[in-house]
Amino acid sequence: MSASSGNCLYCEKMLHGRTDKKFCNDHCRNEFHNRQNSCSNNYMRIINFRLRRNRRILSALLSAKHTTRIGIEQMHDNGFAFDYFTHMITNEKGITCFFCYEYGYLKHGGQVIIIREKKNH
Ligand SMILES: [Zn+2]
């Protein structure tokens with residue numbers, strides 16, 4: 001509740017006048033928000049890149065097959081990032097399958113079983 005002014009969130013110059021001001025002017029406000037957006041866009045770009053690469057790897061390994069098995073080490077060698085997936089589905093047996101878009105995998109005894117999500121939507 002003090003009367004002292006803050007600093008502009010963008011250029012960090014001392015602000016005068018109203019204590020709830022956050023920016024010098026519209027220019028600083030716009031630049032600040034552009035920078036925020038480009039940060040989150042850049043973050044999303046990296047995540048999307050990893051998800052797409054994962055999908056591409058799963059798709060290539062599965063090829064035209066219904067299901068396929070591959071060693072976890074081999075998945076790592078292919079550049080697969082296990083931490084990145086779009087969603088997960090746990091079946092009635094309590095087995096969780098991790099998906100990268102329509103391609104999924106589950107870990108089983110040092111191997112990975114790759115499947116494709118049933119298309120019902
Ligand atoms: Zn400013």
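View 1. Look for glutamate 12 in the segment before α1; helices here are DSSP runs of H or I with at least four residues, strands are runs of E with at least two, and numbering starts at the N terminus. What you are looking at is a predicted model, where local features need pLDDT of at least 70 and side-chain atom pairs count only at pLDDT 80 or more, while totals for chains, interfaces and linings use all residues. Residue numbers start from 1 along each chain as its sequence is written.

**View 2. The whole chain, before zooming in again.** The protein chain has 2 helices and 5 strands, running α-β-α-β-β-β-β from the N terminus on. Its C-alpha atoms fill a box of roughly 65 × 30 × 30 Å along the principal axes. The radius of gyration is 24 Å, whereas a compact globule of 121 residues would come in near 14 Å (taken over C-alpha atoms, with the globule rule being 2.2 Å times the number of residues to the power 0.38). Buried residues make up 10% of the 121. On confidence, the mean pLDDT is 90 and 94% of residues reach 70 or more; pLDDT is the predictor's own per-residue confidence, from 0 to 100.

View 3. Five strands line up in the order β1-β5-β4-β3-β2, with antiparallel pairing (two strands pair if DSSP finds at least two bridges between them). At the edges are β1 (67-71) and β2 (87-90), each pairing on one side only. From one strand to the next, the twist averages 30°. Helix α1 (residues 26-62) packs on this sheet, touching β1, β3, β4 and β5 (111-116), and its direction makes about 75° with that of β4. Contact means C-beta atoms, placed from the backbone, within 7 Å; axes are lines fitted to C-alpha atoms, for helices over the stretch in contact, with angles from 0 to 180 degrees between N-to-C directions.

**View 4. Bridges across the antiparallel strands.** β4 and β5 are joined by 6 bridges, with glycine 104 standing opposite isoleucine 115 in β5. Their hairpin has 2 residues between the strands, and glycine 109 takes a positive phi near 50° there. On to β1 and β5: 5 bridges join this antiparallel pair, and isoleucine 70 has valine 112 in β5 as its bridge partner. Strands β3 (residues 96-100) and β4 (residues 103-108) are held by 3 bridges; here cysteine 100 is opposite tyrosine 103.

**View 5. The largest nonpolar core.** Ten residues make up this core: Ile57, Leu58, Met75, Phe80, Phe99, Cys100, Tyr103, Tyr105, Val112 and Ile114. The criterion is a set of buried Ala, Val, Leu, Ile, Met, Phe, Trp, Tyr and Cys residues joined through C-beta atoms within 7 Å. At least two residues come from each of α1, β3, β4 and β5. Zoom in on phenylalanine 99 and you'll find contacts with Phe85, Thr86, His87, Met88, Ile89, Gly104 and Glu117, leaving out residues up to four places away in sequence.

**View 6. Threonine 68 in strand β1.** Threonine 68 belongs to β1 and is partly exposed, because 14 other C-beta atoms lie within 10 Å. Skipping residues up to four places away in sequence, threonine 68 touches Leu61, Leu62 and Ile114. Glycine 79 is 11 residues apart from threonine 68 along the chain, and their C-alpha atoms are separated by 18 Å.

View 7. Serine 63 sits in the loop between α1 and β1. Here is another positive phi in a residue other than glycine, this one near 50°. Serine 63 is exposed, since 8 other C-beta atoms are within 10 Å.

How values were computed
Two residues are in contact if their C-beta atoms, placed from the backbone, lie within 7 Å. A residue is buried if 20 or more other C-beta atoms lie within 10 Å of its own, exposed if 12 or fewer, and partly exposed in between; C-beta atoms are placed from the backbone.
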